[in-house]
Each structure stands twice: as C-alpha cells, then as structure tokens.
Amino acid sequence: LNMITNSLSKTRSSIIIFSLLLAVILVTLMMYVFKSSAEKKSVKKNLTSISVLQLQITNNNPKINLFGTIINPYITKLKSPINTYVDEVLVHTTEYVKQGKLLIKLNIEELHNDIELQKNKIQSINQKIALLDKNYEFDQQLLKAEKHKLKIAKKNVSRFEELQKKQAISKKQADDALFDLENSQLATINRQKEIDTHPIKKSELKHQLQQANNELDNLLLDLKRSNITSPIDGYITQINAAKGSKAEPGQTLIELHDNNKTEIRCQIPELYVSEVYQATKAKKITTGITEIYNTLYTLDLLNISAITRLNQGGADAIFRFKDNTPPLAIIGKTVKVQVTMPVIPNSYLIPLSAIYHDKFIYKISDSKLKSIKINILGIDYVNNKEYLIIKSSDLKPNDLILVSTLATANEGLPVKIVKTSKVKFST
C-alpha cells in the first residue's frame, strides 16, 4: 500500500511538472507571435510614402534660355540728289514703312529751271550741227565754182603775160590778172580747209550734245529722285532733315533698317559653345524661339563668332527670324531667347525634384531606395515644365525613380509607392 501510495505521489508530481513546463512553452510561443505581429505592424506603419516617375527613353533636345538684343547691321542711307531745300518730311523716327512709301519731298523749282536751260542748250547745239551740215553742202558747191574760177584765172595770167610781151596790154592789167589768180587760189584753199575740218567740227558738236544729254538725264533722274521714297520694308532709325532745312548733294537725309534682315545677337554660354560649333560643322540646325509682344517667333542660328572677347563668358551667336520678321522688332530691344540644341538620343527626362547631391537620383529596388549616379546633359521643356536630360548605364526604361523631396532619403531606406507618373509629351 505504501508502495502504491508513493508511486501515485510521484506520478502526480510528474504530471504537475509537465503541465507547468507546457504552460511556460505555450506562454513563450504566444509572446513571440504577438511580438512578431507587433513588429510587423510597426514596420508597415513606419514605411515612407513616396511619389515615383516611370522612366521613358526618348530623343531630347537640350534648351537654354538666353537674353539677346535685336540688331540690324544692314543700314540703308537715303541721300539728297540735289542742292535744294526740304519741302516736307512725311515720317518720324521708329516708324515702320513699306517699300515705295514717300518719306521726304524736296523743293524742285530750281531743278525745273536747270532742266529748261539744259533743254535750250541741247536745242542750240542741234541747230549748230544742222547749220554746220548746211554750210558743208554749200562749201562743196562753192569749191567747184572756185576751182573753175581758179582755172580761168590761171589762163588769164598766161594770156596776159604773152600780151604784155607784145606790149598789147599795160603792166597794170597784167598785175591785176595775177592778183585775181592769187585771190582765187587763196579762196580755193580756204574753202577746201573748211570742207576738210567739217568732220572735226561736227564731232566736237556731237560730243557737246552727248554731254548736254547726259546732264539732262542726270537732271531728270534727280527730278525723279527728288521725292525720297523707301526702297525696302523697314524701320526709320534716323532723320537728318526738317521742313525748310538745306539739303546738299550726297547728304544723308534718312536712315532705315531692312526689316527682312533683322537679327538677334545672343551669347552662347561656354558650356555649350563646343557643342554648337560641332553642330554647325555637321550642318545640324540649332534653332530658337522668342516672344515679342505676346507673339512667338522661330529663329535659326545664322553664325557663331570665331573668337571670344576678353572677360566674355561665351561666344556671340547671330539668330535670324525663320519665316517672317515681327513688325514690332525694335532695334536695340532686349528679348528672351530659348535656344534648342542638337538632339541627344536615348536619354531620359526627370524633374528637378529627383536630383539629390547634385548628381544622384534614387531608383526603387525591392521597395528600397538605391542611389544612382547620373550624367546631366541639359534641360528640356515639356508642356512648359522644366526637366533635366540625363543618362546612366544603371538605368533602363520603365525604372521607377524617386521624385518626392525627402530630407531622410538615403541608401536602403524602405519606402511605399503611393503615386506613379510619366512625362506627358504633347501629341
């Protein structure tokens, strides 16, 4: 009985100890489960919410914003053709004029008088030529008569000499016959001289006539130009005349700029100068746009300077309006120019908010941030929003990158994506 009692007592003790051990194990398991669940809930609660951009590989043109000055090196100077006075000035400085518009009227009363005098001079020369030709014909007829008279005079002298030998006539009669011969010879020589010099005299008169006609043509041209008109479309930039003022030949009265050759001078930053030179050498077009009085205009790069001036942070570039020149492109006006550089193929666009530490971005990998070093190649604009053009061998299309601004961003930070976006290109 004692043995049975001792055995039951030991069995009861073992059961109690086993039960206690089992209870301790169950409590420990439950505490571990509850702790793990709490830790998981805490981790989920502490994940950083972020916005990301899904990368798209595209061909992008960098754009730079510059300030330029509207210039026009092609100055047209209109000068007075005559010595006169200004009757009327019909335009004012900075006025835009069309080709053919009357700008200045000059006094032409004296010019009309000069034209009439020149016409009279031409008429007089023509009359002299006509008279010279008439005298030439008359001299030819007289020469025949004088030659015949000379022949008779020679015969008379010979006959009178024979008669004088026979003392049939007086010495005075023989001398008179000789005198007539000498007069006849002199008249014939003079008449022949007049005939021989006729071509020379006529040539001189014709030369005078040509000069007179040229002078008349110049006077008529001056008359035609006495009304100063615009030879081009352009802006009046300077007026050196007023009503009643003196106008001398060759004096510049008005200056204007050819509106079709208006240009914009900009300074390309040193960072882009080499790239622009290479593009120009490869005959790739560098374009730009400018806004003047709420109207956009397209520009083409005309040329870039071969030298850089002292203390200049780049090279001067000249842009020409592509399609038309704006009617309000005032010379000297400063305008903003957005220049489009040659294309960068197979690159990505990201917003400025994606940049950390100047040249790093964060890619999302396994719900954690991973820093990526990038090359920033320029700036582009999509729907008036500014984006950076980047490249990196560690990026591929459809990668997700952080675009939220996080002060706590660092390598390996757990994150939760709450918003995904793409760059929306215009169609």
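A: Leaving aside its neighbours within four places in sequence, Asp233 is in contact with Tyr96, Val97, Lys98, Gln99, His257, Asp258 and Asn259, where contact means heavy atoms within 4.5 Å. This is a predicted model, in which local features need pLDDT of at least 70 and side-chain atom pairs count only at pLDDT 80 or more, while totals for chains, interfaces and linings use all residues. Residues are numbered from 1 along each chain as its sequence is written, and side-chain values use heavy atoms, with hydrogens and water left out.

Asp233 sits in the loop between β8 (227-229) and β9 (234-239); strands here are DSSP runs of E with at least two residues, helices are runs of H or I with at least four, and both are numbered from the N terminus. With a relative accessible area of 18%, Asp233 is buried, a word that stands for under 20% relative accessible area, whereas exposed stands for over 50% and partly exposed for what lies in between (1.4 Å probe, protein chains only). Two of the residues that Asp233 touches also meet its side chain through polar atoms. The side chains of Asp233 and Lys98 are joined by a polar contact of 3.3 Å, and a polar atom of the Asp233 side chain lies 2.7 Å from the backbone nitrogen of Gln99. A polar contact is a pair of N or O atoms within 3.5 Å; within protein, one must be able to donate a hydrogen and the other to accept it, and residues adjacent in sequence count only if both atoms are side-chain atoms.

Lys63 and Asp380 are both buried. Another salt bridge brings together the side chains of Lys363 and Asp399, at 3.8 Å from N to O. Because Lys363 lies in strand β18 (residues 360-365) and Asp399 in the loop between β21 (385-391) and β22 (400-402), the pair ties together parts that are 36 residues apart in sequence, and both of its members are buried.

Arg191 is partly exposed, with a relative accessible area of 21%, whereas Asp139 is buried at 9%. Asp139 and Arg191 are also linked with Glu146 in a network of salt bridges. Helix α2 (residues 109-165) contains Val157 as well, a buried residue with a relative accessible area of 9%. Not counting residues up to four places away in sequence, Val157 touches Ala177, Leu178 and Leu181.

Among the strands, β13 (residues 287-292) and β14 (residues 295-304) pair in the antiparallel sense over 6 bridges; pairing requires that DSSP find at least two bridges between two strands. Ile289 stands opposite Thr298 in β14. The hairpin formed by β13 and β14 has 2 residues between the strands, and Tyr293 in its turn has a positive phi of about 50 degrees. On to the next partner, β14 runs antiparallel to strand β15 (residues 314-321), with 5 bridges joining them, and Asp300 has Arg320 in β15 as its bridge partner.

Finally, we can turn to the whole chain, which has 4 helices and 23 strands. Buried residues make up 33% of its 427 residues. Among contacts between residues at least 6 apart in sequence, 78% join residues at least 24 apart.

Technical notes. A salt bridge is a side-chain nitrogen of Lys or Arg within 4 Å of a carboxyl oxygen of Asp or Glu.
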